[in-house]
Amino acid sequence: MSQPDNGISSVLAETRSFPPSPDFVARARLDADKLAGLHAAAATDYIGFWGDLAKKELAWQTPFRTVLDDSDAPNYRWFTDGKTNASVNCLDRHLGSRGDKIAIRFEADKGGARTFTYKQLHAAVCKLANGLKSLGVVKSDRVIVYLPHTPEAVIALLACARIGAIHSVVFGGFSASSLKDRIEDTAAKWIITADGNSRGGNVIDLKKTVDESLASGGKTVEKVVVLKHGDNAVQMSAGRDIWWHELVATQADRCEPEWVEAEHPLFLLYTSGSTGKPKGIQHSTGGYLLGAHLTCQWIFDLKEDDVFWCTADVGWITGHSYVTYGPLSNGATVMMFEGVPTYPDAGRFWKICQDHGVTIFYTAPTAIRALMKLGDDWPKKYDLSKLRMLGSVGEPINPEAWMWYHRVIGNEKLPIVDTWWQTETGAAMISPIPGAMPTKPGSCTKPLPGIFCEIVNEAGVPEKGKEAGGYLVITKPWPHMLRTIWGDNERYKKAYFGQFPQQADGGYFYVAGDGAHRDKDGYYWIMGRVDDVLNVSGHRLGTMEVESALVSHPRVAEAAVVGRPHDVKGEAICAFVILKGTRPEGAEAEKLIKELRDHVAKEIGAIAKPDDIRLADGLPKTRSGKIMRRLLRSIAKGEAITQDTSTLENPAILEQLAQTN
């Protein structure tokens, strides 16, 4: 049994299993028999399976006749001759039956709540869409969205979708440099931002960051729309900047949708790669929407009276699929919050669940671990009786955190859906169906209907038998998969389909970049990244990005970045830095390390701050100059070096690195 070298043993000792309660099964949308029927339909007629679901679940202006076009594989295209609109699917089709139902409930960082019914949300989206049109935004224009996590972020996305503009959300914690890179890569003409926002009681000046990014580049930008949210004093650039409320004040609350081809790009979302420049992941309209819509139904067992709370920021793919498009296309009530789970105190999440009647709670293992460390007393202060299911997203959840979640938040009776997916997959791919199967702490269980996974060895040969360890691949295309990397289709082919040879039937293996183990019951366990991408608090960061930021500091000659396990964030960033000139010690070294951490935060964002920076005289390199990162990972973890070091040019450096703090 082969296993990629990801530093985690494939021998799994976890044997606990938790079946769904009979009461949950009796009320579930999908029980074991219905789930088996979906799997059988997909296995029998894979293309027909997806085609039938797309016709049934989405609203089409022009029905499609072609389901899958694989003539230019691995650039797969779905429902190509159909026309639809994501905004219509999320809003218009609910107005008759759910117009007065609450679509969004929102709580601000400093308190205060707002709600939008579907009618109110529709009107707000149409007003902004008309406003954007008045500024000259047309179909296929790229619009950067750099907003706090408020209802206006969802409104901005749906307004873009309504007129066929392509939105690209940049997380509000990213720096001016990161924002500039994304503006320039998309050649965006428009930015939607805010005067600022509050996060954990701290004011973040978003508009200032936009101004800094445009001062240093981003010359394609023509207009900046500014939401008044943080009450910050901002500098408005005459002729370029316009207040959101002024833009929409005179606009009609009806806007005819732009019916777009199913393959029309709905959005670009940038994710980290192992070789430097972030990748602009391009998602389609029809296929992506189908995936977000169906997985919301299947995984979260959505009911008409649910209050669905995915705690992710809209700046990440989870906020796209499970705050915006998935739940709203199903007519659900979505909970949104601005802030962090520990402000104003560690009861924030649980108070929101109580006050807003949350029934489905979906968060990251990072948050679960952080809250678990604060003890059981905080959640016990609040009435969590309306919760009926829990979810986990962003990275593998360790069994200890899963059990705390199950015991303390779920009262030992609520199902937990531990979902595996990526920015590139668009929606969840491997996940429990809560009313149809037992769950195991730490396992994302089995692929969803219509998703075909394998575990392969280094040669790309599938491992036989249920029990296997190796590389996780997806063997058939799926509607909500990424379509390309914006402006770099060759990188798309190489990054996701180039590792293993084309298959005999003409298909390709999508390489997820994760190592996985499959147990005797056919359950999947994600074992970690097999490339140089770090997963920090559920956010993917390329080691090359952090290294590049460090090397841009005038004192740094070279840097190598690796990850090490972290009991809250999943992975911590450890940087080994070679300086120009003499290596300082003591207080001078500590001062420089702080300066370097702050420099990385300025260049990329606070999420990328290295947890450890070790100043060293050299790095372990082969005679060809390749940095042996496997050795650095061992050093970062505090492990003894057991790997072969015979190819190293400078083996003595290992002892010095191990002693460096």
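**Close-up views of the predicted model**

**Figure 1. Crossing of helices H18 and H19.** Helix H18 (residues 543-551) and helix H19 (residues 586-603) cross at roughly 120 degrees, and their axes come within 9 Å. This view, like the others, is taken from a predicted model. The crossing of H18 past H19 is right-handed. On the H18 side, the residues that meet H19 are Val546, Ala549 and Leu550. They face Leu596, His599, Val600 and Glu603 in H19. The contact of H18 with H19 comprises 5 nonpolar residues, 1 polar residue and 1 charged residue.

**Figure 2. Packing of helix H6 on helix H7.** The axes of helix H6 (residues 118-134) and H7 lie 8 Å apart, and the two helices pack at an angle of about 60 degrees. That angle makes H6 oblique to H7. H6 passes H7 in a crossing that is right-handed. From H6, the contact takes in Leu121, His122, Ala124, Val125, Cys126, Leu128, Ala129, Leu132 and Lys133. From H7, it takes in Ile155, Ala156, Leu158, Ala159, Cys160, Arg162 and Ile163. Sorted by class, the residues of the contact of H6 with H7 are 13 nonpolar, 1 polar and 2 charged.

**Figure 3. Packing of helix H7 on helix H12.** Helix H7 (residues 151-163) also packs with helix H12 (residues 317-329), at an angle of about 60 degrees and with the axes 11 Å apart. H7 and H12 are therefore oblique to each other. The crossing of H7 past H12 is right-handed. H7 contributes Val154, Leu157, Leu158 and Ala161 to the contact. H12 contributes His320, Val323, Thr324, Tyr325 and Leu328. The contact of H7 with H12 holds 7 nonpolar and 2 polar residues, and no charged ones. Leu158 of H7 takes part in this contact and also in the contact with H6.

**Figure 4. The largest cavity.** The structure holds 3 cavities of 30 Å³ or more. In the lining of the largest cavity, 7 residues are nonpolar, 1 is polar and 1 is charged.

**Figure 5. The second largest cavity.** A volume of about 40 Å³ is found for the second largest cavity. The residues that line the second largest cavity are Ala161, Gly164, Ala165, Val260, His264, Pro265, Leu266 and Thr285.

Figure 6. At least two residues of the lining of the second largest pocket come from each of helix H1 (22-27), helix H15 (377-380) and helix H16 (399-409). H1 gives the most to this lining, with 3 residues. The lining of the second largest pocket divides by class into 10 nonpolar, 4 polar and 8 charged residues.

Figure 7. Ala73 and Pro74 are joined by a cis peptide bond, with omega about 10 degrees. Pro74 sits in the loop between strand E2 (68-69) and strand E3 (77-78). Phe79 lies in the loop between E3 and strand E4 (83-84). Phi of Phe79 is positive, near 55 degrees, in a residue other than glycine.

Figure 8. Between Tyr343 and Pro344 the peptide bond is cis, and omega is near 5 degrees. Pro344 is placed in the loop between strand E18 (333-337) and helix H13 (348-356).

Key:
Residues are numbered from 1 along each chain as its sequence is written. This is a predicted model: local features need pLDDT of at least 70, side-chain atom pairs count only at pLDDT 80 or more; totals for chains, interfaces and linings use all residues. Side-chain values use heavy atoms; hydrogens and water are left out. Axes are lines fitted to C-alpha atoms, for helices over the stretch in contact, and angles run from 0 to 180 degrees between N-to-C directions. Helices (H or I, at least four residues) and strands (E, at least two) are DSSP runs, numbered from the N terminus. Angles under 35 degrees count as roughly parallel, over 145 as roughly antiparallel, 65 to 115 as roughly perpendicular and the rest as oblique. A crossing is left-handed if the near helix is turned anticlockwise from the far one by less than a right angle, and right-handed if clockwise. Contact means heavy atoms within 4.5 Å. Ala, Val, Leu, Ile, Met, Phe, Trp, Tyr, Cys and Pro count as nonpolar, Asp, Glu, Lys and Arg as charged, and the others, Gly among them, as polar. On a 1 Å grid over the protein atoms alone, a cavity is a set of points where a 1.4 Å probe fits but cannot get out, and a pocket is an open set with protein on both sides within 12 Å along at least five of seven lines; lining residues have an atom within 4 Å of a point. Grid points are joined across faces, edges and corners, and a volume is the space filled by probe spheres set on the points.
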